[in-house]
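Here is a walk through one structure, written for someone meeting it for the first time. Have a look at the picture, then read on.

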Amino acid sequence: MQLHIVARGKIGRSPEAELVDRYLKRIQWPTRITELPDTGGRIPDISGTTRIVMLDELGENLPSKAIAERLGSWRDDGVREARFLIGAADGFDDAARAQADLLISFGRATWPHMMARAMLAEQLWRATSILANHPYHREG
């Protein structure tokens, strides 16, 4: 299953970009990043076997193991892509949220979008590591 991050804004050369690259290179699953301008731009077409995950302040604050379990379940059900959407500064409206299969929040604090991208990349690496029974992950 491909892990596809679709994010508003250009990350450029930055410490956050280095973190994103570092974690995505560790993931053994296929990964992809699509960057869109802050407004407009064309979101890549979605196939019938894509699950949409939005990073949103109204989302669930899931532990890493729960994220891993969700990805593992989708993978085992034949889902070909899990698409993670990071919106612009104003986030997503209710209509967009209604189209998501899952809303995730990284807590109640406000995070810069580029930092959220790095945090997402780390959580995707951690989730795939959990599914591979990698000994690094610690519960608690």
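This is a predicted model: local features need pLDDT of at least 70, side-chain atom pairs count only at pLDDT 80 or more; totals for chains, interfaces and linings use all residues.

Residues are numbered from 1 along each chain as its sequence is written, and side-chain values use heavy atoms, with hydrogens and water left out.

Now for the numbers on this pair. Helix H1 covers residues 15-26 and helix H4 covers residues 113-131; they pack at an angle of about 15°, and their axes are 8 Å apart. Axes here are lines fitted to C-alpha atoms, for helices over the stretch in contact, and angles run from 0 to 180 degrees between N-to-C directions. Helices (H or I, at least four residues) and strands (E, at least two) are DSSP runs, numbered from the N terminus. The crossing of H1 and H4 is left-handed, meaning that the near helix is turned anticlockwise from the far one by less than a right angle (clockwise would be right-handed).

## Who touches whom

On the H1 side you'll find Glu16, Leu19, Val20, Tyr23, Leu24 and Arg26, and they meet Met114, Met115, Arg117, Ala118, Ala121, Glu122 and Trp125 in H4. Contact means heavy atoms within 4.5 Å. Sorted by class, the contact of H1 with H4 has nine nonpolar, no polar and four charged residues. For that sorting, Ala, Val, Leu, Ile, Met, Phe, Trp, Tyr, Cys and Pro count as nonpolar, Asp, Glu, Lys and Arg as charged, and the others, Gly among them, as polar.

Valine 20 sits in helix H1 and is buried, with a relative accessible area of 3%. Buried means under 20% relative accessible area, exposed over 50%, and partly exposed in between (1.4 Å probe, protein chains only). Leaving aside neighbours within four places in sequence, valine 20 is in contact with Ile11, Ile33, Arg117, Ala118 and Ala121. Valine 20 and glutamate 122 are 102 residues apart in sequence, yet 7.4 Å apart in space, C-alpha to C-alpha.

## A pair of rings

How many aromatic pairs does the structure hold? There is one. In this pair, tyrosine 23 and tryptophan 125 are tilted, at 5.7 Å centre to centre with 40° between the planes. Rings of Phe, Tyr and Trp (its six-membered ring) pair if their centres lie within 6.5 Å; planes under 30 degrees apart count as stacked, over 60 as edge-to-face and the rest as tilted.

The pair links distant parts of the chain, with tyrosine 23 in helix H1 and tryptophan 125 in helix H4, 102 residues apart. Are these two residues buried or exposed? Tyrosine 23 is buried at a relative accessible area of 16%, and tryptophan 125 is buried too, at 10%.

From H2, the residues Ser64, Lys65, Ile67, Ala68, Leu71, Gly72 and Arg75 meet Gln123, Leu124, Arg126, Ala127, Ile130 and Leu131 in H4. These divide into seven nonpolar, three polar and three charged.

Take alanine 127, which lies in helix H4. Alanine 127 is buried, with a relative accessible area of 0%. Not counting residues up to four places away in sequence, alanine 127 touches Ile67, Ala68 and Leu71.

## Other spots to look at

Arginine 8 belongs to strand E1 (residues 2-8) and is buried, with a relative accessible area of 19%. Residues up to four places away in sequence aside, arginine 8 touches a list of residues including Leu36, Asp38, Ile86, Met114 and Arg117.

Asparagine 133 lies in the segment after H4 and is exposed, with a relative accessible area of 68%. The phi of asparagine 133 is near 60°, a positive value in a residue other than glycine.
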